[in-house]
Amino acid sequence: MNIDSFAERFPFLYHFGPKKNRDSIENLQCLLSSDLLRTLATQPHSIERRRGRHPIQSLIFDVVLNDQDRLHYGHVKDPDSMTETEFVSLLDQFCFFWPGDRKGPIEMGRNFLKRYQDERDSLFGIAVPTRAFLNANHVRRIALSNCNSGAPRSNPNAVIYRGEDTFIPWMHYQDNAETVKEVAVLGYARLPEVQFLSNLNKGE
């Protein structure tokens, strides 16, 4: 993937999460993967698919992991490529961002936000300029996906693939920028020039 063409098409990257996590992200100027947060936890935690929001008490701060309720692993093209537990473990290795522009993220990102808003969850959001983000996070730690990796659904008219090829390393992504639906950063993501978004919670 060409950095210039991607940054021109998507000048901002977006992340949404539980409002409880804002302080830790604001203090660190960094987003940590679920796997890394579990590593820092004071108590062991299962890597099974999360059916609800999951609190983590860590050595540094307390945070909440997003649920994976929308993940229906049986609705995939090649379930033998990875077991559900293996796929969940892979998901948890990454920090996730929605590509977008100054107005907001792509439709999948807006749908993700609306889902939690409809459930009256307390949310925060961030926007990061793409070029600054790519300068701070080496592309060799970044993978791209042409789908919403955490939410495959049953669709009889379109085969949905989740497995080993869900995340394509940036350097090997051959399609154009328009096809990118997620940006996934291995382990942690530095957040230069981060902007915290307001008015995400319904009723506020």
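User: Why is I168 called partly exposed?

Analyst: Its relative accessible area is 24%. Buried means under 20%, exposed means over 50%, and partly exposed is in between, with a 1.4 Å probe and protein chains only. At 24%, I168 is therefore partly exposed.

User: What kind of model is this?

Analyst: The model is predicted: local features need pLDDT of at least 70, side-chain atom pairs count only at pLDDT 80 or more, and totals for chains, interfaces and linings use all residues. Residues are numbered from 1 along each chain as its sequence is written, and side-chain values use heavy atoms, without hydrogens or water.

User: Where is I168 found, and which residues is I168 in contact with?

Analyst: I168 is found in strand β9. Neighbours within four places in sequence aside, its contacts are I142, A143, L144 and Y173. Contact means heavy atoms within 4.5 Å. The C-alpha atoms of I168 and L144 are separated by 5.3 Å, and the two residues are 24 apart along the chain.

User: What makes β8 and β9 a pair?

Analyst: Two strands pair if DSSP finds at least two bridges between them. β8 and β9 (residues 168-169) have 2 bridges, so they pair, in the antiparallel sense. L144 stands opposite I168 there.

User: How many bridges join β8 to β10?

Analyst: There are 4, and these strands also run antiparallel. That meets the requirement of at least two, so β8 and β10 (residues 182-186) pair as well.

User: Which way do the residues of β8 point?

Analyst: In β8 (residues 142-145), I142 and L144 point one way. A143 and S145 point the other way. All are buried. In a regular strand, side chains alternate between the two faces of the sheet.

User: How many helices and strands does the protein chain have?

Analyst: It has 6 helices and 12 strands. Both are DSSP runs, numbered from the N terminus: helices are H or I with at least four residues, strands are E with at least two.

User: How do you know that the buried residues of α4 share a side?

Analyst: F87, V88 and L91 are buried in α4 (residues 84-91). They cover an arc of only 100° around the axis, so they lie on the same side of α4. The arc is that of the directions from the helix axis to the C-beta atoms. The cover over these residues includes β5 (94-101).

User: How does the reach of α5 compare with the expected value?

Analyst: α5 (residues 107-118) has 12 residues. Its first and last C-alpha are 16 Å apart, close to the expected 16 Å. The expected span is 1.5 Å times one less than the number of residues.

User: Which residues of α5 are buried, and what do they pack against?

Analyst: They are G109, F112, L113, R115, Y116 and Q117. They pack against β1 (12-18), β5, β6 (104-105) and β7 (123-129). Just after α5, R120 takes a positive phi of about 60°.

User: Why is T130 called buried?

Analyst: Its relative accessibility is 0%. That is under 20%, so T130 counts as buried. T130 lies in helix α6 (residues 130-136). Beyond residues up to four places away in sequence, T130 touches F6, A7, F10, P11, F12 and L13.

User: Is E193 buried or exposed?

Analyst: E193 is exposed, because its relative accessible area of 55% is over 50%. E193 sits in the loop between β11 (188-190) and β12 (195-197). Its phi is positive, about 55°, although E193 is not a glycine.

User: Why is Q195 called partly exposed?

Analyst: Its relative accessible area is 37%, so Q195 is in between too. Q195 lies in strand β12. Its C-alpha is 5.1 Å from that of A127, 68 residues apart along the chain.
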